[in-house]
Amino acid sequence: MNDNFRISHNKENYTKPIYFHSHDFYEIYFFMDGNVKYYIENESYALSKGDVLIIPPGKLHRPVIDGDQVYERYVLWISSRYVSANKGIGCFTNEIIRMTEEKNTRLTSFEGNELRGLTGLFDKLLESFISPEPLAGFIAESCITLIYEAILRKLRSTPRAEEEQEDLIRQVISYINRNVVNAPSLEELSDKFFVSKYYLSHKFKEHTKTTVHQYILMKKVNLAKELLEKGISPQEVCESCGFSTYSNFYKAFTAQTGSSPKQFGRQINSCHSK
């Protein structure tokens with residue numbers, strides 16, 4: 001692990017539930033084995049061996065894992081600051097994110113020789129990452145560039161995904177995401193989508209493993225972090241994110257990040273000044 005990126009390869013029987021969460025970094029998730037359905041906000045993907053998911057910072061996501069089967073995956077995390085500071089990695093990252101939007105999917109799939117080649121790159125990256133050799137860091141960066149290049153090449157040949165008819169909860173999540181600042185209450189959502197608030201609350205928690213209120217708070221805190229990184233004052237961020245009081249903002253932000261808005265802003269400014 002270092003400040004720029006980290007890599008893991010795990011193979012296990014995973015039985016713990018994973019709830020919606022987000023990161024401040026880019027995640028490249030490379031699925032190898034198991035029975036997993038992956039949710040990224042209002043999107044869902046039933047995974048097969050060789051599937052790669054690209055998850056940008058701030059996107060709430062969670063896998064639903066069948067614990068009776070072995071679950072194997074590689075996960076590569078890349079720091080947003082590293083992406084911003086490294087022109088080559090930054091160009092690849094921006095083009096990959098643009099391509100996922102163009103193709104209407106965050107997933108691309110590898111098989112045959114391409115799958116073996118990508119697996120080899122992840123293994124080489126992992127080997128370089130833990131190596132004490134002085135040049136290992138440069139080899140690791142080269143591996144990341146080649147992984148990005150393979151993913152981008154594959155995305156370019158991936159057909160655009162058809163628009164799916166969204167079920168109730170996907171529609172609700174999409175609506176919340178579009179209205180984070182003036183986020184609707186559970187009662188307002190139930191009125192808009194013509195369902196009882198009790199039914200909506202139950203189905204939402206079944207899908208996300210969290211409540212409507214907590215999901216909205218997570219989205220607001222993610223937005224707040226983005227604004228604080230731009231140097232906006234905590235008080236202005238509180239108002240811009242639609243919190244009713246600074247006390248509510250402080251409580252939600254601290255609970256999710258482990259630091260106060262002011263501390264978070266100072267940490268970011270300190271990192272940017274290095």
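A salt bridge here means a side-chain nitrogen of Lys or Arg within 4 Å of a carboxyl oxygen of Asp or Glu. Keep that in mind. This is a predicted model, and the structure holds 13 salt bridges.

Take one of them. Glu41 and Lys59 pair through their side chains, 3.9 Å from N to O. Glu41 sits in the loop between strands S3 and S4, and Lys59 in the loop between S5 and S6, so the bridge ties together parts 18 residues apart in sequence. Glu41 is buried, at 2% relative accessible area. Lys59 is partly exposed, at 25%.

Next, two pairs within helices. Lys203 and Glu206 have their closest N and O atoms 3.0 Å apart. They are 3 residues apart in helix H7, about one helical turn. Arg98 bridges to Glu95 at 2.8 Å, and both lie in helix H2. Arg98 is partly exposed, at 38%.

Now the core. The largest nonpolar core has 33 residues. Phe5, Leu76, Ile78, Phe122, Leu125 and Ile151 touch the most other members. Helix H4 gives the most to this core, 9 residues. Look at Phe122. Beyond its sequence neighbours within four places, Phe122 is in contact with Ile7, Ile28, Phe30, Tyr74, Leu76 and Ile147.

How many cavities of 30 Å³ or more does a search of the whole structure find? The count is 1. About 40 Å³ lies in the largest cavity. S2, S5 and H2 each supply at least two lining residues. The lining has 7 nonpolar, 1 polar and 1 charged residues. Among the lining residues are Tyr26, Glu27, Thr93 and Tyr148.

Terms used
Residues numbered from 1 in each chain as written. Predicted model: local features only at pLDDT ≥ 70, side-chain atom pairs only at ≥ 80, totals over all residues. Heavy atoms only, no water. Core = buried A, V, L, I, M, F, W, Y, C linked by side-chain atoms within 4.5 Å. Buried < 20%, exposed > 50% of the residue type's maximum accessible area, 1.4 Å probe, protein only. Helix = DSSP H or I, 4+ residues; strand = E, 2+ residues; numbered from the N terminus. Contact = heavy atoms within 4.5 Å. 1 Å grid on protein atoms, 1.4 Å probe; cavity = no way out; pocket = protein on both sides within 12 Å on 5 of 7 lines; lining within 4 Å. Points joined across faces, edges and corners; volume = space filled by probe spheres on them. Nonpolar A, V, L, I, M, F, W, Y, C, P; charged D, E, K, R; others polar.
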